[in-house]
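Good morning, colleagues. May I ask you to look at the structure on the screen while I go through its two chains and the contact that joins them?

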Amino acid sequence: MAITVDSTGDLSPEEQKRLKGDLSRSLRQKKIRAILLVAPLVAFILVTFIFPIGNMLVRSVDNPQVHTYMPNVTEALKSWDGQELPDETIYAALAKDLIEGRKAKTIGKAATRLNYEKSGMRSLITGTARKHKKIVAPYKESLIGIKKKWGDIDTWKIIKKTGSPVTGSFFINAFDMVESPDGEISFAPEKQQIYLKLFWRTVWMSLLITFMTVLLGYPVSFLLASLPMKTANILMILVLLPFWTSLLVRTSSWIALLQTEGILNDLLVWLGVISNEARVQMIYNAIGTVVAMTHILLPFMILPLYSVMKTVPPSYVRAARSLGATNWTAFWRVYVPQTVPGVSAGAILVFILSIGYYITPALVGGESGRFIGNMIAYHMQKSLNWGLAAALGVMLLVMVLAIFALYSRVVGDNKVKLG
Amino acid sequence: MKKTLKLSTALVLGSVVAATAVQAADSITVVSWGGAYTASQRGAYSDPFTAETGITILDSDQAGNGLAGLRAQSEAGNVTWDVLDILEGDSMLACDEGLAVELDYNKDLNAAPDGTSPLDDFIPGSLNGCFVPTIVYSTVIAYNQTAFAGDKPSTIADVFDLKKYPGKRALEKKPDANLEWALIADGVPVGEVYNVLDTPEGVDRAFAKLDTIKDQVVWWEAGSQAVQLLADGEVSIASGYNGRIFDAQVNEKQPFTIIWDGQVFELDGYVIPKGAPNMKAAMDYLRYATDTQRNADQAKYISYGPARSSAAPLVSTHITTGIDMGPHMPTHPDNFKTPVKKDPGFWADNKDDLSERFNAWLAQ
């Protein structure tokens with residue numbers, strides 16, 4: 001179609017409008033195409049990442065069991081002041097919940113939840129419900145007759161407290177604290193504290209592992225980057241081969257190497273360095289975790305370092321040398337600063353991977369080499385206290401985000417480079 | 001919020017087990033413990049069942065997280081398991097929480113050959129509404145004969161005697177059995193163990209006793225680890241499941257000896273998950289596998305005592321080596337002198353607290 005141009009050389013208003021329309025239409029089409037292209041990835045991330053994290057955040061405070069499965073008593077307790085034992089109407093509400101909950105087979109869910117707050121609540125609830133035939137009016141008398149604990153005011157305070165739909169009790173637990181039936185929060189006795197200790201251990205051991213990978217990975221990457229391509233490629237395969245090997249295989253090989261009856265100890269005994277009775281414990285403790293994880297995570301340090309080092313022009317170091325710098329000065333003042341982005345990228349990669357590790361510590365860490373991830377897995381699979389697992393997971397997530405924020409402020413985002 | 005939770009749980013946790021959901025209608029998924037144990041069930045129950053009915057059995061080794069899986073599948077509304085092998089204590093929780101099918105024992109199970117009803121034939125009190133026990137298994141102490149030249153350990157107290165019986169110990173990484181043994185070693189009579197453990201002082205006492213060997217203990221988590229540690233010579237004494245130790249003694253000719261003193265025995269058996277996809281076939285399997293003859297047959301493969309009293313006299317010899325199984329059973333009179341019956345009620349109530357204390361104690 002011909003474009004009509006008026007005498008001044010400008011497009012007529014109708015033409016302008018039409019062109020604009022064409023332009024925006026084709027832009028829109030492009031946009032739709034782009035959105036369609038990324039849609040699978042966005043959907044994937046939504047389903048496998050954003051959704052589970054949201055689920056975890058909700059679960060860490062969600063508290064549906066008691067108010068869903070013991071609705072009558074939860075409602076009745078709202079007006080109770082907690083000064084003395086509740087009156088008959090509240091006992092009657094409890095009786096109704098127990099009898100109905102037993103029939104619907106849901107009372108066990110409430111009992112499980114209440115047992116997290118105080119041991120013995122499970123058998124109190126399920127045991128009373130099982131004797132449902134004995135629950136008769138007047139309920140107060142009959143319930144206390146079945147189980148004495150129904151005459152204990154703390155029992156009622158716990159039910160009232162746990163009846164709220166949202167709870168902070170998982171976080172209180174995750175911070176090694178306890179809440180009394182009256183709602184006072186204090187630190188748990190020393191011998192019951194565990195999570196903060198494990199968080200701290202996870203952080204410092206991850207830092208140590210990161211440091212070890214820098215220490216071991218830097219010279220290797222340097223060698224790889226400065227050798228001729230042909231030799232470097234062969235060496236690169238040596239780096240990648242363990243990287244391609246199953247994590248479990250690598251971890252198990254460390255067990256074979258390091259255990260007290262293992263190869264390394266046998267060798268030391270044979271060489272006479274140690275006596276047969278004084279074999280060194282190198283596995284099932286913190287040493288085992290650090291050694292195995294350093295080995296497993298080493299490629300994550302070497303690969304970014306190598307790709308950054310490849311881009312450093314050798315002429316810079318030569319220029320420094322020709323201007324009179326010693327070998328060391330040229331390396332330290334000219335070469336190293338140019339590899340900092342690679343070290344940063346490798347360090348953050350290794351650190352964040354190791355802080356969430358749990359298979360390797362579980363296999364070779366014994367007790368002193370256990371990470372917080374092992375406790376989260378334990379609460380997911382064994383104790384089934386998913387609320388607590390979620391609360392610990394949220395704490396780990398917040399910690400990683402905080403460390404990352406601090407890191408990018410100190411180091412700067414632009415200093416992180418993968419190649 | 002609840003709906004979102006359900007949906008996302010369905011996606012996250014359900015997807016793990018959903019992989020097993022794709023199956024033909026003529027097969028059922030039976031979840032058990034894996035290793036030598038699943039092999040014994042295959043030999044005694046599953047293979048003959050398939051031969052008779054044509055229904056294939058898909059084995060899944062996820063019983064270690066059975067209750068967790070049951071809860072996740074139920075919350076997600078997508079149950080994929082047909083039969084679950086579970087411990088008595090966990091079966092009580094599953095039943096109380098409405099995760100397992102309630103059974104009408106006299107109708108759903110076969111009577112003994114002499115006509116004794118199931119309710120009278122199974123171990124008294126073990127039929128708790130949803131659960132059908134198949135075996136009695138024991139957590140016992142065993143030692144490697146090569147570790148002790150002269151005097152060999154013979155009691156639970158010896159396990160805690162590092163001077164007389166040096167060497168590392170391998171114990172299971174959970175409070176169950178360990179706390180009971182600590183008290184027995186400290187002089188508490190077997191019958192009093194749970195009364196003492198039910199008091200704060202008793203718990204302190206048990207942990208204090210465990211403290212005396214703590215730095216010599218390697219903690220294991222999977223049943224096969226205990227046997228491995230003992231065979232490797234990493235430890236001289238280990239706790240373990242008696243069937244696994246038997247397996248190592250007989251099939252691998254390991255020089256292990258079981259100390260039956262203070263054996264902590266427990267029941268293991270089946271529940272049917274509520275909403276099992278192939279309910280009818282699952283119920284058929286349950287009836288078949290808990291029949292007196294099958295129950296006795298399992299003892300040909302592994303040294304766990306049958307849970308039906310009518311099956312006990314039918315226990316014969318080991319299928320490959322031909323040795324007499326009787327003396328290897330935890331319930332054999334010679335072995336059953338000082339047993340501790342693991343109290344499922346006590347552990348259902350106190351597991352959360354004691355596990356937390358145990359984990360904190362480990363981390364110290």
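This is a predicted model: local features need pLDDT of at least 70, side-chain atom pairs count only at pLDDT 80 or more; totals for chains, interfaces and linings use all residues.

Chain B has 15 helices and 10 strands. How does the radius of gyration of chain B stand against the globule rule? The radius is 21 Å, close to the 21 Å that the rule gives for 364 residues, so chain B is as compact as a globular protein of that length. Along the principal axes, the C-alpha atoms of chain B fill a box of roughly 60 × 55 × 35 Å.

The domain assignment divides chain B into domain 1, made of residues 2-130 + 272-328, and domain 2, made of residues 137-266 + 337-363. Taken over C-alpha atoms, the centres of these two domains of chain B are 27 Å apart. Where the domains of chain B meet, 15 residues of domain 1 are in contact with 13 residues of domain 2. On the domain 1 side, the elements giving two or more residues are α2 (35-53) and α4 (88-96) of chain B. Of these, α4(B) gives the most, with 4 residues. That side of domain 1 of chain B consists of 8 nonpolar, 6 polar and 1 charged residues.

I turn now to chain A. Its secondary structure comes to 19 helices and 2 strands. Here the radius of gyration is 32 Å, well over the 22 Å that the globule rule gives for 419 residues, so chain A is more spread out than a compact globule. The box filled by the C-alpha atoms of chain A, along the principal axes, is roughly 100 × 100 × 35 Å.

For chain A, the domain assignment gives domain 1 at residues 10-48, domain 2 at 65-166 and domain 3 at 195-415. The centres of domain 1 and domain 3 of chain A, taken over C-alpha atoms, are separated by 45 Å.

An unreviewed UniProt entry places the feature "transmembrane region" at residues 34-54, 203-225, 232-249, 255-274, 286-306, 343-364 and 384-407 of chain A. Let me compare two of these spans with the model. Residues 232-249 of chain A are 89% helix and 0% strand, with end C-alpha atoms 26 Å apart. Residues 286-306 of chain A are 100% helix and 0% strand, and there the end C-alpha atoms lie 29 Å apart.

The axes of α4 (residues 88-104) and α7 (residues 139-146) of chain A come within 8 Å and cross at roughly 60°. The two helices, α4(A) and α7(A), are therefore oblique to each other. From α4(A), the contact is made by A:E88, A:Y91, A:A92, A:L94 and A:A95, and from α7(A) by A:Y139, A:K140 and A:L143. These residues comprise 6 nonpolar, no polar and 2 charged.

Finally, the contact between the chains. How many residues does each chain bring to it? Chain A contributes 38 residues and chain B contributes 34 residues. On the chain A side, the elements that give two or more residues are α1 (13-59), α5 (107-117), α6 (121-130), α10 (195-226) and α18 (372-381) of chain A. The most comes from α5(A), with 7 residues. By class, the side of chain A that touches chain B has 14 nonpolar, 16 polar and 8 charged residues.

Key:
Residues are numbered from 1 along each chain as its sequence is written. Chains are lettered from A and ligands numbered from 1 in the order in which they are written. Axes are lines fitted to C-alpha atoms, for helices over the stretch in contact, and angles run from 0 to 180 degrees between N-to-C directions. Angles under 35 degrees count as roughly parallel, over 145 as roughly antiparallel, 65 to 115 as roughly perpendicular and the rest as oblique. Two residues are in contact if their C-beta atoms, placed from the backbone, lie within 7 Å. Ala, Val, Leu, Ile, Met, Phe, Trp, Tyr, Cys and Pro count as nonpolar, Asp, Glu, Lys and Arg as charged, and the others, Gly among them, as polar. UniProt positions are given in the numbering used here, feature names are shortened, and annotations may be inferred rather than shown by experiment. Domain bounds come from an automatic or database domain assignment. The radius of gyration is taken over C-alpha atoms; the globule rule is 2.2 Å times the number of residues to the power 0.38.
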